[in-house]
Structure formats: C-alpha cells, structure tokens
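Dear colleague,

Please find the structure for your review below. My notes on what was found in it follow directly after.

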Amino acid sequence: MEAAIILVFVMGYLAITLEHNIKIDKLIPALVMMAICWALIALGIDSFPQWFDSSKHSLLEGFGDFASEDKMHLMEETLLHHLGKTSEILVFLLGAMTIVEIIDYFDGFSTIKDFIKTKKKSKILWIFAILAFILSAIIDNLTATIVLISILQKIVKDRSVRIWYAGLIIIAANAGGAWSPIGDVTTTMLWIGKKVTTGHLIGYLLLPSFLCMAVPTFIASFLPAFKGDLELEKETTTKKKSKFSGTMLYLGLGAIVFVPVFKVITHLPPYVGMMLSLGVVAIFAEIYSNSKFSMTEVDSEESDAHAMHSPVHHSLSKIELPSILFFLGILMAVAALESLGILFGAADWLRGNTPQLGTELHEGGVSDLVVLFLGIGSAVIDNVPLVAASLGMFSEPIDHELWHFIAFSAGTGGSMLIIGSAAGVVAMGMEKIDFFWYLKKIAWLAAVGFLVGSVAFMFTRTLF
C-alpha cells in the first residue's frame, strides 16, 4: 500500500509540473492526489508497520500491534492536526492577499509608479530590482511580482524589453522573499512551523539574499538589453488616483510588517496578528471608501460597480483562491507521506549517501550538498512540497542553521527555471514568457545569484 501511495504522489506531482503541457490547472492534481493518498491510508491502515505521531513529533513504536479502532482514531487525529497546521498558513495568506487587494482598490501601488523619473534602462532595472527585493519581503514575492509587472506594463510599451525586466524581477522577488518570514510561502511555513525566528532569519539570510539579487542585476546591467534609454509608456487615461492612495499603501504595508512584531509580543500564531492587521486596514478602507469615488473625473459606471460592495468584499473577490486550494492539496498530500514515516526514510538515505561539502552542520547532521540539491530541485519541482517534506525529514531544533539554509535554497533556487517558483509562474502568465527563452536568457543569471548567495550563507553562519 505504501508503494501505491508513493506512486499516486509521484503521478500527481508530475501532473503539477506539466500543468502547461497537459492544460490542467495544478490545483486539480494537487487536490486529487491529497484525497487519494489519505483514502489509501484509511483503506490500508492495518498494513502499515509505523506511524508518525505529529503531536509528539516522533515515530510510534509497535504501531502494527494497535487495534484497528485505535489506528483509525489516531489517523483521524493526525489528519485533523495537519489540517489545522495547514489552515494556519492558508488563513495567513488569505489575510495578506486581502490587505494587498485593499491597497490596490485605492490605487495605492500607483504611488510606487510615481517614484520612477529616469529613462535610462539600467537605472530602471535597479529601481525595479530593489523594489522587488524590498516589497517581496513585506507583501510576499508572488504579490510583489504581480504588482511590479503590472506597473511595468503601464510604463514600458515594448514587450521584448519588458520580459527582460520581468526575468530580473523574478530573481529579485524570490531573493527578497527568502529573508523575511512573510516573504515567501516556504519561509512562512518554516516560521509558522517554529523552525526559524524572525531575528535569526534576517541575520542569517539578509546578506546572502541581497547578493543573490544584486549580483545578477549588476551583470544584467551590462547586457545589450539594458543599454541606452527606455521609451516610457505615456499615461492614456484621465482618471485620477484616489486621494487616499498613499495613505492606504503605507497603512497596508505597515499592517503586514506589524504581524511578526505581534507574534513576538504575544507568542500567538501569526495568522492571529494578520487577522488583526486586516481588521484595522478594513476599518480605514470602509471609512475612506465613500470618498474614493467622489472625484469628478471618475467614470460613473465604475463608481456604481464599486459602490455595490464594500472594499473588503471587493478585495476578497479578487484574491487567488486557486493558489490557496493548491497549497491545501500539496501540503496535505505531503502530510500523508510524513504520517507513514516515508520522509524519514528518505532523510536517512540522504544523510548516508550524500558526500559532505564544506562544514558539516553537526555530528550526524545534514550535508550542505543536500540543501543545495534541494535548491536546484526547487527549480524543477515546486518548492512548497520540498520544504513541507523537509519539515518531516529533518529534526533539527529551532533556528538551527539547516533551516535557514533550506529557507534560502528553496526560496531562491526556483528562479533558475521560470516554472520553479510562484513568482516565475505568474510572470510567465502575465507576459507570456517562453520557457526556453527564460532558460537561455535568465536562468544562468539566477544560477550565479544562487551560488553566490549560498557561498555568502556558508560564510555568514560562522558569525552566529
């Protein structure tokens, strides 16, 4: 039965990886894979020799001798435990996405567009790279990529030039998301899973992540694609932005940044702080909403359409629910493998068969090469299940350097292929970037950044 569950997982994973070829959204195989894996566990519960007790974080001895009723009860408790942990991440993401949509409702991100005054291609590249690096640490790399490419589309009319900027935005956004507990889903998973803390995460990864962004950007600034001046897209609409644009931008971003502070003060799960932040932002959004469309040059039909809903309702209708369902499916599917102890066997095999590279993390610990392979693998396989698997594979304590290296490697390694990260996938969709164009033009820059950042991490960890 274990072989059947692994086969279902592999087939589901292959379908996720090939979603653009088979024309099936990745959330569908993720949900089907999750349901079938747990169904097979329920049907074959008496045949499994071991079980991972998620509440005690250890393998149960003598599980095969348990009565069938006890096994089913334990399975139900384990399923509920994993659903609770997964829901913490999903509720957190829902809150963050809603705040970002509220900011956009008030045209808050147009404030960023106003910062760009130059026409020099290389300077604009650095502006967008730095913005992506900073914004992704605050509003997550996926959202930062969406926001910046949306702005890019409004100011750069030549698509052949835009896709170069989009490629470097992907690298910068993934690098920026790696050093923040709210910058990437995988980093958020490690943070919520009590594997890393905010202070140590920033201390370990800020320099490696910055170099991962800066080195490719520096190299790219000398490429022919970024030589000369850029012909900027002129504003074609007379619509004025809301007078509350700047206020809602800074309020929303400040509310998201407040979440780690709230966790440190109260020791409550991060989603509680995110719900508080969402509530505060929503209060101001409701107060300001009556004034948003009071300007004389706003189209009356748009005003009527927005008047039908509150800002919060409108924003909730805009968030990416398919992404939420995908995370649910993939995380719960990995939880099935964890519950059977399969991931621990994989961890033992990796420890025993991977040669050491650099400094060994600790006696009997994990080689640097294992983590580098994980980063390279995240370019081919989605980094969410890879990190979810690492949570079950390794048992190092909180803030151990292994977890920080995993956060960096999984977060930035995905930039080497356009399908290797959520930021890459969304950029691919928004700009119709060809897989092989990215592989030829951008992948080597991402690889250089990944390797430079990895070396910088190996140096940085000696300071802690």
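In this predicted model, E101 is part of helix α4, which covers residues 68-105. Glutamate E101 is buried, yet it has no salt bridge. The nearest side chain of opposite charge belongs to K318 and is 5.7 Å away, and a salt bridge would require a nitrogen and an oxygen within 4 Å. Apart from neighbours within four places in sequence, E101 is in contact with S315, K318 and I319.

Helix α4 also packs against another helix. Two packed helices are described by the angle between their axes and the distance between the axes. The axes of α4 and α9 cross at roughly 130° and come within 10 Å; the two helices are therefore oblique to each other. The crossing of α4 past α9 is right-handed. On the α4 side the contact is made by E88, I89, F92 and L93, and on the α9 side by V185, T188, M189, W191 and I192.

A second pair gives another arrangement. Helix α3 (residues 27-43) and helix α15 (residues 321-339) have axes 8 Å apart and pack at an angle of about 30°, which makes α3 roughly parallel to α15. Here α3 passes α15 in a left-handed crossing. Among the residues of α3 that make the contact are L27, M34 and W38, while those of α15 include P322, F326 and S339.

Turning to the chain as a whole, the secondary structure comes to 22 helices and two strands. The chain has 464 residues, of which 56% count as buried. Of the contacts in the chain with a separation of 6 or more, 78% are between residues 24 or more positions apart.

The C-alpha atoms of P311 and T98 are separated by 9.8 Å, although the two residues are 213 residues apart along the chain. Leaving aside neighbours within four places in sequence, P311 is in contact with I102, Y105, F106, A285, E286 and S289.

Which residues form salt bridges in this structure? Side chains of opposite charge can pair when their charged atoms come close. The structure holds three salt bridges. One of them joins E431 and R162, with the closest N and O atoms 2.8 Å apart. Because E431 lies in helix α20 and R162 in helix α8, this pair ties together parts that are 269 residues apart in sequence. Both partners count as buried: E431 has a relative accessibility of 2%, and R162 one of 11%.

R461 takes part in the other two. With D368, its closest N and O atoms are 2.8 Å apart. R461 lies in the segment after α22 and D368 in helix α17, so this pair ties together parts that are 93 residues apart in sequence. With E401, the closest N and O atoms of R461 are 3.8 Å apart. E401 lies in helix α19, so this second pair ties together parts that are 60 residues apart in sequence. Through shared partners, the salt bridges join D368, E401 and R461 into one network. R461 is buried at 6% relative accessibility, D368 at 0% and E401 at 18%.

Helix α20, which holds E431, is itself mostly covered, with seven of its 10 residues buried. These are A423, G424, V425, V426, A427, M428 and E431. The buried residues of α20 pack against α2, α7, α8 and α21. Just after α20, K432 takes a positive phi of about 50°.

Two further lysines deserve a look for their backbone angles. K23, in the loop between α2 and α3, has a phi near 60°, a positive value in a residue other than glycine. K194 is in the loop between α9 and α10 and has a positive phi of about 60° although it is not a glycine. Are these two lysines buried or exposed? K23 counts as exposed at 70% relative accessibility, and K194 is exposed with a relative accessible area of 59%. By contrast, K26, which lies in the loop between α2 and α3, counts as buried at 17% relative accessibility. The C-alpha atoms of K26 and L14 are separated by 9.9 Å, and these residues are 12 residues apart along the chain.

With kind regards

Terms used. Residues numbered from 1 in each chain as written. Predicted model: local features only at pLDDT ≥ 70, side-chain atom pairs only at ≥ 80, totals over all residues. Heavy atoms only, no water. Helix = DSSP H or I, 4+ residues; strand = E, 2+ residues; numbered from the N terminus. Buried < 20%, exposed > 50% of the residue type's maximum accessible area, 1.4 Å probe, protein only. Lys, Arg positive; Asp, Glu negative; His and termini not counted. Contact = heavy atoms within 4.5 Å. Axes fitted to C-alpha atoms, helices over the stretch in contact; angles between N-to-C directions. Parallel < 35°, antiparallel > 145°, perpendicular 65-115°, else oblique. Left-handed = near helix turned anticlockwise from the far one by under 90°.
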